[in-house]
Amino acid sequence: IIRFLERLVTRAISPKFMAGPVGIFQMSGIAAQQGIATYLAFLAVLSANLAVVNLLPLAVLDGGHLVFFAFEAATGKRPSAKQQGFMQQVGIVMLLLMLVMVTVNDLSRLF
């Protein structure tokens with residue numbers, strides 16, 4: 001998962017390999033048709049992927065909160081409410097852009 005994200009950031013891999021809600025729905029149906037063991041394995045991989053994504057250093061995710069805590073530990077003071085609010089907005093915009101991108105990728109595969 002981490003290698004994929006690394007390759008994605010360095011552009012060694014295309015973002016078209018990412019799947020959003022539509023793609024996940026399709027893949028879960030295929031996995032379910034192959035049996036309960038395949039479906040449960042798919043759910044385990046999906047869960048692990050979501051856990052890693054949740055640790056990304058975006059302010060709205062848990063990884064972003066860890067960055068705020070690290071900042072506080074290093075400087076001895078919390079970021080201001082204004083700084084935190086700005087970072088929250090940036091994180092939300094980035095997540096929404098990623099959601100739109102993966103949904104467009106999913107829909108382009110359908111049609």
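Let's start with charge: the protein has 8 positive and 4 negative charges, and their mean positions lie 7 Å apart. Lys and Arg count as positive here and Asp and Glu as negative, while His and the chain ends are not counted. Each charge is placed at NZ of Lys, CZ of Arg, CG of Asp or CD of Glu.

A word on what you're looking at. This is a predicted model, in which local features need pLDDT of at least 70 and side-chain atom pairs count only at pLDDT 80 or more, whereas totals for chains, interfaces and linings use all residues. Residues are numbered from 1 along each chain as its sequence is written, and side-chain values use heavy atoms, with hydrogens and water left out.

Now the overall build. The protein has five helices and zero strands; helices (H or I, at least four residues) and strands (E, at least two) are DSSP runs, numbered from the N terminus. Going along the sequence, you read α-α-α-α-α. The radius of gyration is 17 Å, well over the 13 Å that the globule rule gives for 111 residues, so the protein is more spread out than a compact globule. That radius is taken over C-alpha atoms, and the rule is 2.2 Å times the number of residues to the power 0.38. Along the principal axes, the C-alpha atoms fill a box of roughly 55 × 30 × 25 Å.

What about the surface? Its accessible area comes to about 8,100 Å², with 70% belonging to carbon and sulfur atoms. These areas come from the Shrake-Rupley method with a 1.4 Å probe, and for residues only the protein chains shown count as cover. Of the 111 residues, 16% are buried; buried means under 20% relative accessible area, exposed over 50%, and partly exposed in between (1.4 Å probe, protein chains only). As for contacts (heavy atoms within 4.5 Å), residues 24 or more positions apart account for 51% of those with a separation of 6 or more.

Valine 9 sits in helix H1 (residues 2-9) and counts as exposed, at 70% relative accessibility. Its C-alpha atom is 29 Å from that of threonine 75, 66 residues away along the chain. Next look at arginine 11, in the loop between H1 and helix H2 (21-33). Arginine 11 is exposed as well, at 75% relative accessibility. Check its backbone too: phi is near 65 degrees, a positive value in a residue other than glycine. For background, most residues other than glycine have a negative phi.

Helix H5 (residues 81-110) is where you'll find methionine 94. Methionine 94 is partly exposed, with a relative accessible area of 43%. From C-alpha to C-alpha, methionine 94 is 11 Å from leucine 56, and 38 residues separate the two in sequence.

Setting aside neighbours within four places in sequence, asparagine 105 is in contact with Pro15, Lys16 and Met18.

What does its side chain reach at 2.8 Å? The backbone nitrogen of glycine 20. Apart from neighbours within four places in sequence, aspartate 106 is in contact with Met18, Ala19, Gly20, Pro21, Val22 and Gly23.

Definitions and conventions: A polar contact is a pair of N or O atoms within 3.5 Å; within protein, one must be able to donate a hydrogen and the other to accept it, and residues adjacent in sequence count only if both atoms are side-chain atoms.
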